[in-house]
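Good morning, and thank you for making the time.

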Amino acid sequence: MGILEKISEIEKEISRTQKNKATEYHLGLLKAKLAKYRLQLLEPSKSGGAKGDGFDVMKSGDARVALIGFPSVGKSTLLNKLTKTHSEAGAYEFTTLTCIPGKIEYNGANIQLLDLPGIIEGAAQGKGRGRQVISVARTADLILMMLDATKSNQQRILLERELEIVGIRLNTEKPNIYFKVKKGGGIGFNATVKLTYLNEKMIFNAEVLVREDVTVDEFIDVVLGNRKYIKCLYCYNKIDSITLEELDRLAREPNTIVISCEMDLNLDYLVEQIWKYLSLLRIYTKKRGEYPDFEGGLIVRKGATVEHVCHAIHRSLVEEFRYALVWGTSTKHNPQRVGLSHVMEYEDVIQVVKKK
Ligand SMILES: Nc1nc2c(ncn2[C@@H]2O[C@H](COP(=O)(O)OP(=O)(O)OP(=O)(O)O)[C@@H](O)[C@H]2O)c(=O)[nH]1
Ligand SMILES: [K+]
Ligand SMILES: [Mg+2]
């Protein structure tokens with residue numbers, strides 16, 4: 001019998017079995033068996049074949065959020081709640097086997113939310129589809145780390161470790177260091193601050209300028225290069241099944257939000273937080289003599305300048321740019337005449353004036 005047949009047999013038996021105290025143990029065994037076979041489906045096939053396995057989803061929209069978590073924490077249930085896409089959810093592990101994209105529309109932005117298979121300890125070494133899942137995570141603007149509020153906090157530490165191993169750094173900024181290998185050898189070591197951990201003896205064949213007091217590990221990250229610095233929002237699901245004390249404790253942890261998909265608790269707030277963590281700005285454009293386009297508008301990153309906005313409107317607009325008029329919180333008076341380097345703020349209105 002092939003794996004798929006075995007899976008379908010077990011699924012049939014589960015649906016035939018009445019759910020009660022007497023069958024609880026047997027059902028548990030069936031689900032464990034089901035999870036085992038589904039995990040085998042996830043294992044990379046011997047023939048290799050990383051392409052076309054359902055993980056190479058196109059980026060779309062203004063930002064990308066990846067759902068990372070152990071199996072059965074409720075990732076698919078959340079995708080079903082927040083988007084119009086359906087992803088199979090089930091009371092057994094490894095229900096989801098590929099990457100399933102959905103779309104959240106909020107504040108005029110299209111946010112791509114990716115449902116993914118659950119990852120397990122050893123994911124970074126390729127267990128399950130760990131490698132694929134993690135490479136999708138590397139492409140995200142935000143990792144939504146989904147955790148089961150009824151389980152021990154060990155899950156968070158384990159997941160963080162798996163991501164750490166593959167070079168993902170959560171909620172930390174890229175160290176402020178300039179580093180360049182010198183082909184001909186020799187060193188140039190300079191620091192603009194007093195250093196506690198680093199010194200010149202650690203460096204060879206490189207030109208280095210250190211602008212902050214980093215640790216040796218942080219420095220190694222810069223030397224190795226391929227690190228990803230990604231924001232992470234920790235999301236505890238299933239709070240319908242924990243005590244108030246426990247809930248209170250979890251909710252106070254940094255970068256954390258508590259929800260229940262099943263009871264629809266806090267889901268609006270979650271979307272608000274996703275938006276906030278993505279640091280997106282909504283900007284409105286206006287034509288001369290007309291009202292601003294409050295229906296449409298543009299989505300840009302926090303810190304975006306008039307130049308970024310011009311690029312977002314039209315590729316060649318910067319070349320024709322003379323000046324812009326801006327209304328909003330970024331200006332001293334309204335409207336203010338600004339140049340390309342002016343930094344925009346949330347809900348500013350902009351009118352671009354072109355060269356004649
Ligand atoms: N009590 C409770 N159960 C939930 C909640 N959200 C989801 N579940 C249940 O948790 C189980 C797993 O849900 P899924 O959405 O399949 O979880 P998943 O993380 O996508 O699982 P995999 O795809 O297998 O990794 C299902 O039985 C859901 O009904 C919740 O808020 N509270
Ligand atoms: K599941
Ligand atoms: Mg799932």
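Which residue of strand 15 is the bridge partner of Y323? The partner is V353. Before I go further, a word on the basis of all this: the model is predicted, local features need pLDDT of at least 70, side-chain atom pairs count only at pLDDT 80 or more, and totals for chains, interfaces and linings use all residues. Residues are numbered from 1 along each chain as its sequence is written, while chains are lettered from A and ligands numbered from 1 in the order in which they are written.

Helices (H or I, at least four residues) and strands (E, at least two) are DSSP runs, numbered from the N terminus. Two strands are said to pair if DSSP finds at least two bridges between them.

Y323 and V353 belong to a pairing of strand 13 (residues 321–327) with strand 15, antiparallel and spanning six bridges. Strand 15 (residues 349–354) also runs parallel to strand 11 (residues 280–285), and two bridges join them. There, V349 of strand 15 is the bridge partner of Y284.

UniProt, in an unreviewed entry, lists residues 279–354 as "domain: TGS"; such positions are given in the numbering used here, feature names are shortened, and annotations may be inferred rather than shown by experiment. Over that range the chain is 16% helix and 34% strand, with the end C-alpha atoms 29 Å apart.

Strand 7 pairs with strand 8 (residues 206–210) in the parallel sense, over five bridges. F189 stands opposite V208 of strand 8.

Finally, the helices. Helix 1 (residues 3–16) packs against helix 2 (residues 24–42) at about 155 degrees, the axes being 10 Å apart. Axes are lines fitted to C-alpha atoms, for helices over the stretch in contact, and angles run from 0 to 180 degrees between N-to-C directions. Helix 1 is therefore roughly antiparallel to helix 2, a term for angles over 145 degrees.

The contact (C-beta atoms, placed from the backbone, within 7 Å) includes I7 and I10 of helix 1 and L30 and L34 of helix 2. I close there, and welcome your questions.

Terms used:
Angles under 35 degrees count as roughly parallel, over 145 as roughly antiparallel, 65 to 115 as roughly perpendicular and the rest as oblique. Two residues are in contact if their C-beta atoms, placed from the backbone, lie within 7 Å.
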